[in-house]
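Me: I would like to go through the terms used for this model one by one, with each value set against its cut-off. Please give the definitions as they are needed.

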Amino acid sequence: MNIRAASKADLAGVYQLECDTFGSHGYPDFFLRQAWDLWPGSMLMAEDDSGLLGYVLAGRGEVADESWILSLAVASAARGKGLGRKLLQAAVNELERQGCRHIKLTVLPDNPALHLYRSLGFAEVGREEDYFGPGEPRLVMVKR
(Lines give C-alpha, C1' and ligand atoms only; values in the text may rest on other atoms or scores of the structure.)
Protein backbone atom coordinates (compact mmCIF):
# COMPACT_ATOMS: atom_id res chain seq x y z
CA MET A 1 0.00 0.00 0.00
CA ASN A 2 1.24 3.45 -0.95
CA ILE A 3 0.08 6.89 0.19
CA ARG A 4 0.80 9.76 -2.18
CA ALA A 5 -0.53 13.10 -3.36
CA ALA A 6 -3.39 12.69 -5.81
CA SER A 7 -2.79 13.70 -9.42
CA LYS A 8 -5.26 15.22 -11.83
CA ALA A 9 -5.68 11.77 -13.39
CA ASP A 10 -6.81 10.41 -10.00
CA LEU A 11 -9.72 12.81 -9.57
CA ALA A 12 -12.34 10.63 -11.31
CA GLY A 13 -11.57 7.73 -8.96
CA VAL A 14 -11.56 10.01 -5.92
CA TYR A 15 -14.95 11.37 -6.97
CA GLN A 16 -16.36 7.85 -7.36
CA LEU A 17 -15.09 6.89 -3.90
CA GLU A 18 -16.58 10.10 -2.47
CA CYS A 19 -19.97 9.21 -3.99
CA ASP A 20 -19.78 5.58 -2.87
CA THR A 21 -18.92 6.63 0.68
CA PHE A 22 -21.09 9.70 1.25
CA GLY A 23 -23.89 9.44 -1.31
CA SER A 24 -25.79 12.70 -1.64
CA HIS A 25 -23.52 14.31 0.99
CA GLY A 26 -20.42 13.73 -1.12
CA TYR A 27 -18.52 16.57 -2.70
CA PRO A 28 -19.29 17.17 -6.38
CA ASP A 29 -16.60 16.47 -8.94
CA PHE A 30 -16.08 20.15 -9.73
CA PHE A 31 -15.37 20.91 -6.06
CA LEU A 32 -12.79 18.13 -5.85
CA ARG A 33 -11.08 19.51 -8.96
CA GLN A 34 -11.03 23.02 -7.54
CA ALA A 35 -9.81 21.79 -4.14
CA TRP A 36 -6.99 19.96 -5.93
CA ASP A 37 -6.08 23.26 -7.65
CA LEU A 38 -6.53 25.42 -4.55
CA TRP A 39 -4.58 23.29 -2.06
CA PRO A 40 -1.79 21.54 -4.01
CA GLY A 41 -0.67 18.34 -2.33
CA SER A 42 -3.47 18.35 0.24
CA MET A 43 -5.42 15.51 -1.37
CA LEU A 44 -3.69 12.29 -0.41
CA MET A 45 -4.68 8.89 -1.66
CA ALA A 46 -3.90 5.33 -0.66
CA GLU A 47 -3.55 2.69 -3.33
CA ASP A 48 -2.27 -0.77 -3.95
CA ASP A 49 -2.02 -2.93 -7.05
CA SER A 50 -5.82 -3.16 -7.19
CA GLY A 51 -6.24 0.64 -7.30
CA LEU A 52 -7.61 3.38 -5.06
CA LEU A 53 -8.30 2.31 -1.46
CA GLY A 54 -8.97 5.65 0.20
CA TYR A 55 -8.31 9.35 0.24
CA VAL A 56 -8.17 12.35 2.54
CA LEU A 57 -8.63 16.01 1.65
CA ALA A 58 -7.36 18.88 3.79
CA GLY A 59 -7.81 22.59 3.24
CA ARG A 60 -6.08 25.59 4.75
CA GLY A 61 -8.21 28.12 6.60
CA GLU A 62 -8.01 31.89 6.39
CA VAL A 63 -5.97 31.90 9.60
CA ALA A 64 -2.36 30.98 8.81
CA ASP A 65 -2.03 28.18 11.36
CA GLU A 66 -5.50 26.65 10.86
CA SER A 67 -6.62 23.89 8.52
CA TRP A 68 -9.53 21.52 8.04
CA ILE A 69 -9.85 17.85 7.23
CA LEU A 70 -12.64 18.11 4.67
CA SER A 71 -13.07 14.47 3.69
CA LEU A 72 -11.74 11.05 4.64
CA ALA A 73 -13.06 8.09 2.68
CA VAL A 74 -12.01 4.44 2.62
CA ALA A 75 -13.34 1.93 0.09
CA SER A 76 -15.69 -0.57 1.71
CA ALA A 77 -13.39 -3.51 0.89
CA ALA A 78 -10.47 -1.78 2.66
CA ARG A 79 -12.24 -0.77 5.88
CA GLY A 80 -11.21 -2.12 9.26
CA LYS A 81 -7.53 -2.44 8.33
CA GLY A 82 -6.18 0.82 9.73
CA LEU A 83 -6.14 2.64 6.41
CA GLY A 84 -8.23 5.59 7.64
CA ARG A 85 -5.77 6.06 10.50
CA LYS A 86 -2.79 6.00 8.13
CA LEU A 87 -4.39 8.49 5.75
CA LEU A 88 -5.45 10.86 8.52
CA GLN A 89 -2.04 10.67 10.19
CA ALA A 90 -0.32 11.41 6.86
CA ALA A 91 -2.55 14.47 6.37
CA VAL A 92 -1.94 15.68 9.95
CA ASN A 93 1.81 15.22 9.56
CA GLU A 94 1.83 17.27 6.35
CA LEU A 95 -0.33 20.02 7.83
CA GLU A 96 1.85 20.24 10.91
CA ARG A 97 4.95 20.35 8.68
CA GLN A 98 3.35 23.35 6.97
CA GLY A 99 2.92 25.10 10.34
CA CYS A 100 -0.74 24.34 11.07
CA ARG A 101 -1.33 24.42 14.81
CA HIS A 102 -5.12 23.91 14.73
CA ILE A 103 -6.54 21.13 12.56
CA LYS A 104 -10.32 20.93 12.56
CA LEU A 105 -12.93 18.49 11.28
CA THR A 106 -16.62 17.74 11.68
CA VAL A 107 -18.21 14.36 12.24
CA LEU A 108 -21.65 12.92 12.85
CA PRO A 109 -22.07 12.38 16.61
CA ASP A 110 -22.66 8.62 16.13
CA ASN A 111 -19.98 8.02 13.47
CA PRO A 112 -17.71 5.09 14.40
CA ALA A 113 -14.73 7.19 13.18
CA LEU A 114 -15.15 9.35 16.29
CA HIS A 115 -12.93 6.89 18.17
CA LEU A 116 -10.23 7.25 15.49
CA TYR A 117 -10.29 11.04 15.69
CA ARG A 118 -10.05 11.05 19.47
CA SER A 119 -7.20 8.53 19.42
CA LEU A 120 -5.23 10.88 17.15
CA GLY A 121 -5.69 13.82 19.50
CA PHE A 122 -8.81 15.51 18.14
CA ALA A 123 -11.08 16.90 20.87
CA GLU A 124 -14.67 18.08 20.64
CA VAL A 125 -14.94 21.87 20.80
CA GLY A 126 -18.56 22.28 19.79
CA ARG A 127 -21.71 20.76 18.40
CA GLU A 128 -23.99 22.22 15.76
CA GLU A 129 -27.41 20.62 15.38
CA ASP A 130 -27.92 21.91 11.83
CA TYR A 131 -24.35 22.06 10.51
CA PHE A 132 -25.34 21.01 6.98
CA GLY A 133 -29.00 21.94 7.34
CA PRO A 134 -31.97 20.77 9.41
CA GLY A 135 -31.42 17.39 11.02
CA GLU A 136 -27.70 17.31 10.15
CA PRO A 137 -25.84 17.50 13.48
CA ARG A 138 -22.07 17.53 13.57
CA LEU A 139 -19.46 17.61 16.27
CA VAL A 140 -16.70 20.12 15.62
CA MET A 141 -13.32 18.74 16.65
CA VAL A 142 -9.84 20.23 16.75
CA LYS A 143 -6.33 18.89 17.15
CA ARG A 144 -4.00 21.45 18.70
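Reply: Contact means heavy atoms within 4.5 Å. With neighbours within four places in sequence left aside, L53 is in contact on that definition with M1, L17, A46, E47, D48, A73, V74, A75, A78 and L83. The model is a predicted one, in which local features need pLDDT of at least 70 and side-chain atom pairs count only at pLDDT 80 or more, while totals for chains, interfaces and linings use all residues. Residues are numbered from 1 along each chain as its sequence is written, and side-chain values use heavy atoms, with hydrogens and water left out.

Me: What makes A78 buried or exposed, and where is its place?
Reply: The place of A78 is in the loop between β4 and α3 (83–97). A78 has 8% relative accessibility and therefore counts as buried. Leaving aside neighbours within four places in sequence, A78 is in contact with L53 and L83, and its C-alpha is 8.0 Å from that of G54, although A78 and G54 are 24 residues apart in sequence.

Me: How do you know whether M43 is buried or exposed, and which residues does M43 touch?
Reply: M43, in strand β2 (residues 43–48), has a relative accessibility of 1% and so counts as buried. Not counting residues up to four places away in sequence, M43 touches R4, A5, A6, L11, V14, L32, W36, Y55, V56 and L57.

Me: What about P28: where is its place, and why is P28 called buried, exposed or partly exposed?
Reply: P28 has its place in the loop between α1 and α2. Its relative accessible area is 31%, and therefore P28 is partly exposed.

Me: What makes the pair R33 and D37 a salt bridge?
Reply: A salt bridge is a side-chain nitrogen of Lys or Arg within 4 Å of a carboxyl oxygen of Asp or Glu. The side chains of R33 and D37 meet at 3.0 Å, N to O, in a salt bridge. R33 and D37 are four residues apart in helix α2, so about one helical turn separates them. R33, at 31% relative accessibility, counts as partly exposed, and D37, at 40%, likewise counts as partly exposed.

Me: How do you know that K104 and E66 form a salt bridge, and which parts does the pair tie together?
Reply: The closest N and O atoms of K104 and E66 are 3.3 Å apart, and the two form a salt bridge. K104 lies in strand β5 (residues 102–107) and E66 in strand β4 (residues 66–74), so the pair ties together parts that are 38 residues apart in sequence. K104 counts as partly exposed at 23% relative accessibility, whereas E66 is buried, with a relative accessible area of 17%.

Me: What is the N to O distance in the salt bridge of R127 and E129, and how many salt bridges does the structure hold?
Reply: The side chains of R127 and E129 meet in a salt bridge at 2.4 Å, N to O. The structure holds eight salt bridges.

Methods
Helices (H or I, at least four residues) and strands (E, at least two) are DSSP runs, numbered from the N terminus. Buried means under 20% relative accessible area, exposed over 50%, partly exposed in between (1.4 Å probe, protein chains only).
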